[in-house]
Amino acid sequence: MSTLIFRTMAPLLCCLMALFSLFILLRGHNDPGGGFIGGLIAAAAIAIYAMAFSVHHAREVLRLHPLAYAGVGVLAGGVAGLASLISGAPFLTGIWLPGYHFGTPGLFDIGVYLAVFGTLAEVTLALEDRGNEP
Amino acid sequence: MELDFDTFTILLMLAPFAAAALAPLVSRQTGPAAGWILAIVPAGLFAALFGMIDEVAAGAPQRFAINWVPALGLNLSISIDGLALTFALMITGIGAIIVLYSATYLGDHPRRGTFLATMFVFMGAMLGVVLSDSLVALFCFWELTSVTSFLLIGFDRERMEARRAALQALIVTGAGGLALLAGGILLYLAGGNWDLHTLPAIASPLHFDPAYPWILVLILVAAFTKSAQLPFHFWLPNAMQAPTPVSAYLHSATMVQAGIYLLARMSPVLGGTAMWTLLLTLFGGATLLWGALMALSQTDLKQMLAQTTIASLGLMVLLLGLGGESAAMAVAAYFVAHALYKAALFLVAGLIEHGTGTRDLTRLGGFRDEMTITFIITALAALSMFGLPPFLGWFAKEEIFAATSAGPWAQTAQLLVLVIGNGLLAVIALAFLIRPFFGAQPPTPQTPRDGPFAMWLGPAVLGLLGFSVVFSVASVGQLLLAPMASSILGEPVESHLALSVDIAGLPFWLSIGTWALAAVIYLRLDAIRALLLAAQRRLNWSLDKGFDGAYFGLVRLAGAVTRALHHGQLELYIGLFFVALALTLILPFALTNDWPAVPGWPQLTFYEWGAVAIAVVGVLTVLGAPARLFAVLALGVQGLAVALLYLLFGAPDLGFTQLMVETVSVVIIALVLTRLDVGVADVRPAGERLRDGFLALCCGMGVTLLLLKVLETKFDSTLSSFFAQNSVPVAHGRNIVNVILVDFRGLDTLGEISVVMTAGIAILALLRKQRSRAPLPSAPPKRPRKKAEAT
């Protein structure tokens with residue numbers, strides 16, 4: 001797997017994909033995209049990184065345990081839902097900032113992104129980790 | 001009463017549980033005095049309940065309710081009428097004696113505190129059974145008595161027999177509890193109310209309700225299991241594995257009487273029909289004769305008493321089946337008399353065992369000088385059981401005979417059953433009185449002696465109570481028995497108990513006949529016992545053995561079913577899953593012969609045909625590829641082609657998602673394959689490819705058929721137009737798919753991401769578990785791997 005070409009290209013590819021995944025996440029509200037797809041792309045990016053170098057390196061790049069991202073994502077989804085309770089509206093009612101560019105649905109989408117990314121990243125990394133690396 | 005009734009009753013019902021919480025502490029701190037201190041609780045309860053006798057006898061049942069689950073119309077209601085009060089007096093009165101007795105009986109047993117606590121929990125549960133006016137509360141307390149009975153029978157947990165007996169009692173009475181729940185729910189559906197005191201009002205429509213036979217049978221199963229009626233009687237003799245005070249309290253005086261209580265409570269509701277009379281008299285009569293006969297075959301004092309308890313319970317069921325004023329009175333009198341003398345005799349059995357080291361009738365004799373006090377108590381109790389005037393047992397017997405001769409069903413057969421049953425019970429009373437105390441004295445493990453004061457006080461009180469009735473027959477009848485009989489009958493009953501003997505009446509001569517029969521049989525007791533034992537040996541089967549057979553059979557069956565379904569072969573699991581899926585999809589079409597119409601040939605451009613061709617090539621490769629990894633990659637190709645089709649047909653979101661899902665799933669499946677240790681040249685045999693391909697084609701065809709069928713139905717565009725119209729103005733987003741995901745159906749998505757995360761944690765846990773086993777296990781099926789090595 002770890003040919004020279006792949007290893008040279010992998011960080012670049014990975015950065016591009018990560019950036020692209022954020023772009024997809026943020027444009028999702030009005031154009032094709034969204035948190036789910038974004039999360040999948042980001043997970044694919046980290047899978048490429050792990051293949052090129054090692055699972056250990058990939059985990060170092062992530063800094064946090066992948067499932068921690070997933071946990072934060074679910075938490076963000078819950079918080080986005082709870083925010084509406086302050087204004088007395090039912091759970092998960094969208095609350096928007098003036099101008100309608102960002103609101104709790106956006107936060108919720110970020111939660112979806114993190115949950116999907118964290119879970120799939122952990123699954124791929126754990127599957128790839130054969131226990132013979134440091 | 002200074003306290004108002006509600007508070008008073010709540011305190012009454014909580015007191016035993018509070019005592020249970022304190023019992024271990026008191027037992028540890030005060031040692032030998034613990035019995036005296038703890039007995040204050042039930043004694044106080046007895047006194048409190050005793051103070052209510054006048055009010056209840058005046059015909060004013062005490063009742064109150066607190067909201068329990070208002071949404072279900074469920075109240076925690078308490079009702080104290082004659083039936084409940086008499087039972088409650090027995091539970092607390094005998095309870096006080098038992099607590100005192102058992103604290104000494106157990107001596108320095110390390111788990112004495114636990115024992116006493118369990119006893120108190122049982123006492124509270126039993127009080128709850130008789131005082132509850134709500135069927136639901138009755139059921140809960142009923143089950144709690146089963147559980148405490150289980151704990152107490154199995155108290156001697158080191159012994160296998162005790163554990164087995166405890167489990168058996170729990171299974172039998174627990175099954176009965178479930179029957180009670182089902183019957184209670186049916187009763188609620190018929191009456192629209194959980195409150196027991198309202199049920200007699202619906203009795204007459206209920207008797208013609210189609211559910212009536214079900215209700216009756218379920219309630220009878222509950223009562224018969226609890227009260228050890230044929231054919232559920234076998235658990236009670238085994239329950240004698242419990243310490244003697246438990247046998248005296250739970251398995252003669254109170255818990256087994258819960259079934260009688262239930263029948264008595266239901267008598268004004270379900271009783272009076274031909275079915276009720278037939279079932280109760282039939283099973284009650286059979287149990288009476290069976291128990292009495294079995295009692296003759298025993299030599300162990302406790303076993304003798306257990307069998308006579310079965311017989312006595314059968315007698316009461318029979319009487320409840322007869323119905324009528326005399327029968328109700330007879331049940332009341334017999335219940336009180338039986339509870340007093342039977343508890344006393346059980347405690348005496350404990351005293352004899354405590355004093356001599358054995359309770360085998362053949363190894364006892366001539367102890368009346370060494371164990372004078374025990375002898376006097378035995379005489380008091382046994383003569384009441386024998387039915388000699390002026391003991392309470394006599395009055396009970398007179399009422400029983402009066403019930404049959406005056407009842408509408410006064411038939412010779414019943415009378416005969418009652419005379420023979422009572423005669424056999426009288427034989428046991430004679431044997432219990434004469435064998436241990438007269439005749440030659442055989443050697444015993446211990447020098448015979450009377451027990452300590454705390455142990456003989458209780459049975460002495462019980463014995464004397466059975467006798468002291470002579471001083472106040474009329475008031476006992478009016479204040480205690482008549483109110484109970486009124487509750488059983490559902491209308492006021494006048495007591496006619498008096499200290500006189502009607503020499504001209506039939507009951508008197510039946511009593512004489514009973515005694516004569518008893519005397520004759522007693523003289524031939526040993527010969528009859530030998531005969532019965534020989535018959536039992538010849539039979540070599542009993543319901544007890546049948547229970548074991550069923551029990552272990554069930555365990556074996558469960559094991560076999562588990563091994564058949566949970567075999568650990570992943571390939572078979574998945575195969576089974578897809579076979580089920582294919583059948584579910586295709587069978588409905590095949591059975592209804594309602595296939596979807598074949599769609600027309602689509603008009604596609606050449607590049608659209610190109611995408612379709614890629615997908616078809618991908619699918620064919622998946623089906624035919626010999627190597628698994630290759631098949632997985634081909635699956636990805638097919639998926640990408642489908643994503644392309646989505647894009648071409650105007651679903652960019654779907655296409656985008658499909659693309660990413662395909663990519664990531666191919667990566668993950670490939671990674672799983674590398675973990676499966678399948679070797680480089682992993683080749684699937686042709687048979688396997690054929691089988692899997694066929695299955696896959698079936699599933700695919702099923703899904704296609706389903707989709708075609710769905711498309712044939714008229715499309716309801718309400719939702720899609722709603723989303724299209726409201727996406728921008730309400731949710732401020734133009735991408736309808738995403739708006740649905742994060743806003744309109746946000747709750748669904750929240751659930752989904754939680755599931756995704758949980759699945760991730762589960763996968764991680766599985767992988768870690770696998771990793772901890774060294775070396776890496778080879779999960780794939782053995783067969784293909786050998787082939788791979790061979791090629």
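What pLDDT does chain B average? In this predicted model, chain B averages a pLDDT of 85, and 95% of its residues score at least 70. The model as a whole scores ipTM 0.93 and pTM 0.72.

**Confidence within chain B**
- Helix H10 (residues 212-226) of chain B has the highest mean pLDDT among the elements of that chain, at 93.
- The lowest mean pLDDT among those elements, 38, belongs to helix H33 (residues 782-790) of chain B.
- Over residues 774-791 of chain B, pLDDT stays under 50. For this stretch the model has 23 contacts beyond four places in sequence.

**Contact between chains A and B**
- On the chain B side, 37 residues are in contact with 41 residues of chain A.
- Helices H28 (652-675), H31 (736-744) and H32 (746-772) of chain B each supply at least two residues of the side that touches chain A.
- H32(B) gives the most to that side, with 15 residues.
- By class, the side of chain B that touches chain A has 22 nonpolar, 10 polar and five charged residues.

**Helix pair H16 and H17 of chain B**
- Helix H16 (residues 325-356) and helix H17 (residues 372-386) of chain B pack with their axes 9 Å apart, at an angle of about 150°.
- The crossing of H16(B) and H17(B) is left-handed.
- Residues of H16(B) that meet H17(B) include B:Ala337, B:Tyr341, B:Leu345 and B:Gly355. Among those they meet on the H17(B) side are B:Thr374, B:Ile377, B:Ala381 and B:Met385.
- This contact has 12 nonpolar, four polar and no charged residues.

**Cis peptide bonds in chain B**
- The bond from B:Leu230 to B:Pro231 is cis, with omega near 0°. B:Pro231 is placed in the loop between H10 and helix H11 (235-238) of chain B.
- The bond from B:Pro389 to B:Pro390 is also cis, with omega near 5°. B:Pro390 is placed in the loop between H17 and helix H18 (392-406) of chain B.

**Positive phi outside glycine**
- A:Arg63, which is not a glycine, has a positive phi of about 70°. A:Arg63 is found in the loop between helix H3 (55-62) and helix H4 (66-86) of chain A. A:Arg63 counts as exposed because it has 8 C-beta neighbours inside 10 Å, the cut-off being 12 or fewer.
- B:Asn593 has a positive phi near 55°. B:Asn593 is found in the loop between helix H25 (570-592) and helix H26 (606-624) of chain B. With 6 C-beta neighbours inside 10 Å, B:Asn593 counts as exposed.

How values were computed
Residues numbered from 1 in each chain as written. Chains lettered and ligands numbered in written order. Predicted model: local features only at pLDDT ≥ 70, side-chain atom pairs only at ≥ 80, totals over all residues. Axes fitted to C-alpha atoms, helices over the stretch in contact; angles between N-to-C directions. Helix = DSSP H or I, 4+ residues; strand = E, 2+ residues; numbered from the N terminus. Left-handed = near helix turned anticlockwise from the far one by under 90°. Contact = placed C-beta atoms within 7 Å. Nonpolar A, V, L, I, M, F, W, Y, C, P; charged D, E, K, R; others polar. pLDDT = per-residue confidence, 0-100. Buried ≥ 20, exposed ≤ 12 C-beta atoms within 10 Å, placed from the backbone.
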